[in-house]
Amino acid sequence: MKILTTAAVAVLATVLAACSGSDASDSSGPVSLKIGATGWNTAQQALQVAGLDDTPYSLEFAVFSGGDQQLQALQSGALDVAQSSEIPPIFAAAGGTVKFNEVAVQTGTTLLQEVIVGPDSSLGSIADLTGKKVGYVKNTTAAYFLNELLKQNGLSWSDIDAQPLAPNDGLAALNGGSIDAFASYGNTIISAHQSGAKTIGSGEDILSGNFPWSVSDEVLADPDERAAVADFLSRLDRAYAYIRDGHQQEFAERTAEATKQPVESALKQIQNGEAQNPTHFQVSTDAVRANQQKVADSLEEIGALPSSVDTAELWSDGLDGDLTDALGKPAS
């Protein structure tokens, strides 16, 4: 398996655009999939830990800082498969023509999705945020769970001075005192707690834990590539089951190396996350699709979307048969 940087993917996108005049559909040969990852390559590492990375097709992984960038690469043809939270596909749909399909769901933990304040802050709850400068990561789960937490506490988006910030910029702003609180997730929250930050609100019980996998229109139309995607996702399902079954230490060591944290901390996060909401892969359900619509409605409520989005139009059942079959048999 190969790993591409975001810069390499940009170059690849340029090459693909230049070759768009050729008839790629006439090409033959082994199936190759270009797959996106966010933050670090958890999928590849999980497959390696479980010994399931010897696939009968070629995999190239590209690491991005967010699911929104993955979907941009998917739209341009630089990726074949992308994974994100429920939110980036909503913004892609609100922004214009969508050239991908959500085809499967990865369930996962909703921990480490928090509103934090500095160690010396006098703020003790979401209700204390009235009139305060609150940073949040734009177009992500942070915007959604922050809005829902505000509503739960009798506040609205207009009651705070909302400041859209990138994760690292938000953490620096919180530490420097230019914002009063910050809604973020993942490694940012880990780093913040290492510096003494306190949690005043959590998205744990607000977020669904649904992470859609999307494929390009071209992949969905190709039987061989469709089957390869289904096999890949089924391998990931088995890999995470293997990791849960007494092999979390090795995965924690790889996680710690990638995220620059102590192994003990990474192991605890993996154990807690899998205990809260185990990682599984499945075809979508009515409940999955309805929850994404709920998220879209909340984002529209705070004025984050340029237009309404019908999330049902993002989904396709075109992978359902292949994925159901693949999940029901051992990986080859």
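Asn101 stands opposite Val215 in strand 11. This is a predicted model: local features need pLDDT of at least 70, side-chain atom pairs count only at pLDDT 80 or more, and totals for chains, interfaces and linings use all residues. Residues are numbered from 1 along each chain as its sequence is written, and side-chain values use heavy atoms, without hydrogens and water.

- Strands (E, at least two residues) and helices (H or I, at least four) are DSSP runs, numbered from the N terminus.
- Strand 11 covers residues 210–216, and six of its seven residues are buried, so the rest of the structure largely encloses it.
- Buried means under 20% relative accessible area, with a 1.4 Å probe and protein chains only.
- Strand 5 (residues 100–107) runs antiparallel to strand 11, and seven bridges join them.
- Strand 4 (residues 81–83) is also antiparallel to strand 11, with three bridges.
- Two strands pair if DSSP finds at least two bridges between them.
- Ala82 stands opposite Ser214 in strand 11.

**The whole chain**

- The protein chain has 13 helices and 12 strands.
- Its radius of gyration is 20 Å, close to the 20 Å that the globule rule gives for 332 residues, so the chain is as compact as a globular protein of that length.
- That radius is taken over C-alpha atoms, and the rule is 2.2 Å times the number of residues to the power 0.38.
- The C-alpha atoms fill a box of roughly 65 × 45 × 40 Å, taken along the principal axes.
- Buried residues make up 48% of the 332 residues.

**Contacts**

- Contact means heavy atoms within 4.5 Å.
- Among contacts between residues at least 6 apart in sequence, 80% join residues at least 24 apart.

How values were computed: Buried < 20%, exposed > 50% of the residue type's maximum accessible area, 1.4 Å probe, protein only.
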